[in-house]
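Subject: Structure handover

Hello,

Here is the structure for your files.

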Amino acid sequence: MCLCGNMWRWPNGASEGTMLLLLLGLSLVQAGSAQLTCQAGESAQNITQPQYNNMVQKNSNADFLMPFVRSFLGTVQPHPFPTDLILRVVNNPGEVFSNQELTKAILVYEVGFLVCIAIGILYIVLMPIIAFFVACCRCCGNCGGKMQQKQTSSTHCLRRTLYFSLFSITIIILAGNVCMFRSNEAFKLSVEQSPLELKNTIGDMSSFLTAVPQQVEDVTNEGKRTVQAVSRNLNDIGQQVGEKIQQRFSGTFNPALQAVKLLHQESLNTSDLLDKLNSSLTQLQSSLDIIQANVTAFKGRIQKTLSKPGCVNCGSLAGEVEELTVDATISAPSLREYQSAVDDVIKGDLQSNIIEAEKFYSTIPQRVTNETEDLVTQSKQQLQEIENQISQVSNELDLSALRDVTGTLDQVQNQIETVSPEVQRFENIRWAVGVALCCVVLLVVVCNILGLVLGPLGLSPKADPANRSCTSDCGGIFFMMGAGFSFLFSWIFMILVVLLFILGGNMYTLICRPWHNGQLLKFLDTPGLIPQLELGPALGLKTDINLSDIYRDCKENQPLWTTLHLHELVDLADVLNVSKYTAQIEEEFEKTDITLSSVSLLSPEIIKGLQNVAAEATDFNSTAVTQQLNDISSINLNSTADKIDQLADTQPPGIQGELKVEASKLRQIQADIETTIFPQVNNLNSSMKSLQSTTGKINGTVEEVLSKVGAAQDFLNTNTTQIVKTESRRFLNCQVDYFSAYADWTTIMITQQVGRCEPVARAIDSADVVLCVNMVESLNAFWFSLGWCMMFFIPSIILSMKLAKYYRRMKYTDVFENPIIMNHIPRAQLKPT
């Protein structure tokens, strides 16, 4: 029953054995069968999982525009992620410019961006040229044509068409300007929150890396607790196994022992009752002898009186007096035999048998302890060796790599704290520049809006264009100001749009979009791209582990056992197969023979004595004794005394006096009988009744005792060895169940709990949210909305310059044609000189 012998023989050497010992992670869990014979132990709990921060939230300020931006970039760059092209560039960076085929492939892939860049460059080039010509025209006084407006029937319709067209374009530009403000603010918010979000993400990774060694330590500690629990059970083997043996014995042993105790008590009671009865009989016999002596003396005296010559008719009474006697010798041979049988049982000393049986029962645990002393010592030595091995596990495992990574992450966190103020300062500058750009666009929108408001407000349709109001003229001037600002800033803004488009667009198409759909991780999994990421060979696995699989498993919060395919390194089912070690355990168990010395509840002599008691109790006849007592109770000397008195009345005075005296003495003897003999007879009758009752019980008690003792003795003689073997085997199975339980628990902990890597996937997702969703998409939303405004500046310039002529005050007057009034009077035509 050596619980640990050979249980920790590792097949692959000490170092691997140590690692396997870690993976075993002994747990203090008891199976249901173990609880039948083992002390209840403290149940092992699941290992503690670290607490992580909340997932980084998306910045929703730019969400409304992102579908348009993604759709635009999808149109510009519809090609899939260029894995082969990037691999060629990475492997041979110098070929980018020297290899025309590679250069052509890159240009073909970026053709959408190139077209957009060409459009932007064309805008940048043409817009200042057009602005130059417009400025020159303005200097010549012909900005928007000559300052003369011909009045026709379609003038008002054309003005309204231009008005509503410019109004629509202005609303579109305003919408784009609002998007600029929001995306600029979203980018600022993203930059402000990014340091904290990155620190939280890195902190989660650091917590994860710190938790893995701690979880391993927790599993190891559970192993120590289990070894200590088994050791405590071994120390308590006598109590645990002994109590179970006692429980198995108690069903037949205790009733038999109780019956023997009851019989012993009844035997003592019967013996006491018989002693009292014999004493009472002796005393009664002594009293009867005294009475008989008195009666005999009386007979001698009265016979002398009756034989005197002067006694008349005395012969008739002489015969009756001669027959007078109280000689009542009580004979009870069955009572003496009964007394002898009971005395033999008492001399057999039932009490000593009871004490011996109780001692046998109560010392079973101590006997088991004594019998297994060597076994416990050997097993505890083995357990101590296991505990020493477990204690060395944490020191022998190389977890320094995790600590190094944790130190690096801490340095990164410190670096983030150091750089954050500088980043915040530059971000404030960028945000101010962005606000300035938004305000410039807003200035154009405001000019257009003021023109749209003031122009119609001060315009009189029938008024002479040369005589228009100042309000209307201001409206036209605001239109021209809007066009001027558009010309002045649009080409500069377009340069910024192109640069940000190249940066943000390529970041989205080459990083963020493939990051979202998983193509980027698959690209990083390309063999040989990053040698340090070839985790399979580094861990000695047969299967290659790629980042995509790790990310997928960590996204599902899988443990490291599943994620890193550790089952290829360690056959956990084989290592935790307790049945491999049971052969050695059973061999040691069979060497230990726990024996209990037999006990005899009743000796053969006592059993024979009890049978004699039962037989004598059956043969005991109390009727003869009772009849003798009844005869004594019927003695009546007063009748004879009355006859003597009657005879004395007929006698002479001398004889008469003597007879009267004798009659009185006879009555005195009768009085002595009534006061002395009759109470004793009554007591004896009562004792005889008690004895009869006890005798009836003791016969049944003896039969019951002999039956129960016989059954118990047969049970002990035939089953003691088997019971000891069975309970010892159960105790052994209990200890084996401890290890089976820890094996099951450890399998669950190692394969399902240790190193749940969700923080890894959360770190990747957080980086994606911070970099792509919050920053890149906010940047793309900004240049998209700015480019939107720049493109609509072109129709805004055209429409505002055309519409300005309908509100500005003209230098030359034109006659208004009214098609309704027919007037054939010739009108003078004013021509500018």
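Predicted model: local features only at pLDDT ≥ 70, side-chain atom pairs only at ≥ 80, totals over all residues.

Disulfides. A search of the whole structure gives two. One is formed by Cys512 and Cys772, with the sulfur atoms 2.2 Å apart. Cys512 belongs to helix 15 (residues 470-517) and Cys772 to helix 26, so this pair ties together parts 260 residues apart in sequence. The link is left-handed, with -90 degrees about the S-S bond, and both cysteines are buried.

The other disulfide joins Cys554 to Cys757, S to S 2.2 Å. Its torsion about the S-S bond is about -110 degrees, so it is left-handed. Cys554 sits in helix 18 and Cys757 in the loop between helix 25 (653-753) and helix 26, 203 residues apart. Cys554 and Cys757 are both buried.

Cys474 is in no disulfide; the nearest cysteine sulfur belongs to Cys470, 6.4 Å away. Cys474 is partly exposed, at 35% relative accessible area.

Helix contact. The axes of helix 18 (residues 547-555) and helix 26 (residues 758-804) come within 7 Å and cross at roughly 110 degrees, so the two helices are roughly perpendicular. Helix 18 contributes Tyr551, Cys554 and Lys555, while helix 26 contributes Glu758, Val760, Ala761, Ile764 and Asp765. Five of these contact residues are nonpolar, three are charged and none is polar.

Ser766. This residue is also in helix 26 and is buried, with a relative accessible area of 5%. Beyond its neighbours within four places in sequence, Ser766 contacts Met55, Val56 and Thr201.

Regards

Notes. Residues numbered from 1 in each chain as written. Heavy atoms only, no water. Axes fitted to C-alpha atoms, helices over the stretch in contact; angles between N-to-C directions. Helix = DSSP H or I, 4+ residues; strand = E, 2+ residues; numbered from the N terminus. Parallel < 35°, antiparallel > 145°, perpendicular 65-115°, else oblique. Contact = heavy atoms within 4.5 Å. Nonpolar A, V, L, I, M, F, W, Y, C, P; charged D, E, K, R; others polar. Buried < 20%, exposed > 50% of the residue type's maximum accessible area, 1.4 Å probe, protein only. Disulfide = S-S within 2.5 Å.
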